[in-house]
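Biologist: Hi, could you walk me through this one? I'd like to go through it piece by piece.

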Protein chains: 2
Amino acid sequence: MLNSYEPLYLQLADLLRERIIDGTFPAGSPLPSEQALCDEHRQSRMTIRRALAVLRDEGLIMKRRGAPSTVRPRPARKALPLRGEQRLISRMPSRKERIQLDLDPGVPVLEVRHVGGGSDLYAADRVEVLSTI
Amino acid sequence: MLNSYEPLYLQLADLLRERIIDGTFPAGSPLPSEQALCDEHRQSRMTIRRALAVLRDEGLIMKRRGAPSTVRPRPARKALPLRGEQRLISRMPSRKERIQLDLDPGVPVLEVRHVGGGSDLYAADRVEVLSTI
DNA sequence: CCGGATTTGTACGTATGTATT
DNA sequence: GAATACATACGTACAAATCCG
């Protein structure tokens with residue numbers, strides 16, 4: 001943690017992201033506790049938590065109160081064919097939508113708009129859209 | 001701010017979200033400064049900032065250092081037709097991707113994967129995907 | 001264009017509550 | 001029930017970017 005040009009929490013996020021990608025922390029495994037990361041990297045808990053928030057917002061880890069953060073396993077994606085003149089919008093959900101769909105923070109939604117009006121909402125990490133041309 | 005069952009920062013986020021949606025804070029307009037919000041709602045600056053972070057992550061506001069947060073105007077979306085056997089993945093970008101594409105935090109990306117390999121990346125709030133059936 | 005005032009960003013500390021283990 | 005771990009929320013200080021006269 002010597003680079004002084006970049007915020008500490010981003011440097012730590014980069015470090016942890018590498019370890020997730022290179023398999024040091026495999027999918028489903030727990031990260032060290034916030035306190036352990038504080039001790040290991042000599043940073044305050046707030047800095048640690050900000051780094052973890054970055055990774056959560058990238059969809060890389062899951063956080064649960066009382067339990068250590070875990071590396072998010074890639075969920076199985078179902079095919080979602082676009083039909084007819086449907087249009088598809090990707091965006092972040094409102095908090096209500098997130099709660100209703102039981103989504104984790106940091107996961108976008110896909111909103112499929114139908115011609116006659118109305119729309120369906122999908123967790124973006126659980127579907128894969130394919131053209132039906 | 002009387003409801004004690006919900007965190008203060010979420011209650012404040014709900015309040016500000018309402019005012020954005022109902023037009024009290026129109027698109028492009030600045031929100032009150034963090035200090036003004038502290039005074040008005042009798043909360044610490046950290047609580048204010050967490051509420052603003054919620055709205056930023058929902059794509060509702062933009063934050064810029066040194067300048068007050070502003071209501072994000074809906075960017076004009078370009079049509080993005082899905083062709084052939086292309087597949088489309090929606091997800092949050094890594095920080096590098098976000099910087100390379102000059103995206104604001106809280107905006108998902110659409111990754112279009114081509115049959116032969118390779119993929120294109122789009123800011124999800126700047127494109128609208130349509131089926132080409 | 002400069003410089004001060006304002007505003008947001010980073011980083012630390014402390015205390016207490018709540019969920020999980 | 002106890003220990004562990006994360007969540008909320010208050011505070012302080014200083015840095016960096018923007019704004020404005």
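Biologist: How much area do chain B and chain A bury between them?
Modeller: About 2,700 Å², with 53% of it on carbon and sulfur atoms. Buried area here is the accessible area (1.4 Å probe) that two parts lose on being put together, summed over both. Keep in mind that this is a predicted model, where local features need pLDDT of at least 70, side-chain atom pairs count only at pLDDT 80 or more, and totals for chains, interfaces and linings use all residues. Residues are numbered from 1 along each chain as its sequence is written, chains are lettered from A and ligands numbered from 1 in the order in which they are written, and side-chain values use heavy atoms, with hydrogens and water left out.

Biologist: Got it. How many residues are in contact?
Modeller: 30 residues of chain B are in contact with 30 of chain A, contact being heavy atoms within 4.5 Å.

Biologist: And how many salt bridges across the interface?
Modeller: The rule finds 6 between chain B and chain A. A salt bridge is a side-chain nitrogen of Lys or Arg within 4 Å of a carboxyl oxygen of Asp or Glu. One pair that meets this way is E128(B) with R87(A), at 3.4 Å from N to O.

Biologist: Which elements of chain B supply at least two residues to that side?
Modeller: Helix 1 (8–21), strand 4 (87–91) and strand 7 (127–130) of chain B. Strand 4 of chain B gives the most, with 5 residues. Helices (H or I, at least four residues) and strands (E, at least two) are DSSP runs, numbered from the N terminus.

Biologist: How do the residues on that side of chain B divide by class?
Modeller: Into 12 nonpolar, 7 polar and 11 charged. Ala, Val, Leu, Ile, Met, Phe, Trp, Tyr, Cys and Pro count as nonpolar, Asp, Glu, Lys and Arg as charged, and the others, Gly among them, as polar.

Biologist: What about strand pairing across the chains? Does strand 4 of chain A run parallel or antiparallel to strand 7 of chain B?
Modeller: Antiparallel, with 2 bridges joining them. Two strands pair if DSSP finds at least two bridges between them. R87(A) stands opposite L130(B) in strand 7 of chain B.

Biologist: Which residue of strand 7 of chain A stands opposite L80(A)?
Modeller: V129(A). Strand 3 (residues 78–81) of chain A runs parallel to strand 7 (residues 127–130) of chain A, and 4 bridges join them.

Biologist: Where's the hairpin in chain A?
Modeller: Strand 1 and strand 2 of chain A form it, with 2 residues between them. G66(A) in the turn has a positive phi of about 90 degrees. The pairing is antiparallel over 3 bridges, and I61(A) has V71(A) as its bridge partner.

Biologist: Switching to the DNA. Which residues are closest to DNA strand D?
Modeller: R49(A), A67(A), L8(B), T47(B) and R50(B), out of 22 residues that surround DNA strand D. A residue is near a molecule or strand if one of its heavy atoms lies within 4 Å of it.

Biologist: What part of DNA strand D faces the protein, going by atoms within 4 Å?
Modeller: 74% of those atoms belong to sugar or phosphate and the rest to bases. Looking at phosphate oxygens of DNA strand D, a polar side-chain atom of R50(B) lies 2.5 Å from one, and one of Y9(B) lies 2.7 Å from one. For K63(A), a side-chain N or O atom is 3.1 Å from a phosphate oxygen.

Biologist: And DNA strand C, which residues are closest there?
Modeller: L8(A), T47(A), R50(A), R64(A) and R49(B), with 22 residues surrounding DNA strand C. Sugar and phosphate account for 70% of its atoms that come within 4 Å of the protein.

Biologist: Which side chain is 2.7 Å from a base nitrogen of DNA strand C?
Modeller: That's R45(B), through an N or O atom. R64(A) has a side-chain N or O atom 2.5 Å from a phosphate oxygen of DNA strand C.

Biologist: Last one: where does the largest share of the surface near DNA strand C come from?
Modeller: Helix 3 of chain A, with 3 residues. By class, that surface has 7 nonpolar, 6 polar and 9 charged residues.

Key: A polar contact is a pair of N or O atoms within 3.5 Å; within protein, one must be able to donate a hydrogen and the other to accept it, and residues adjacent in sequence count only if both atoms are side-chain atoms.
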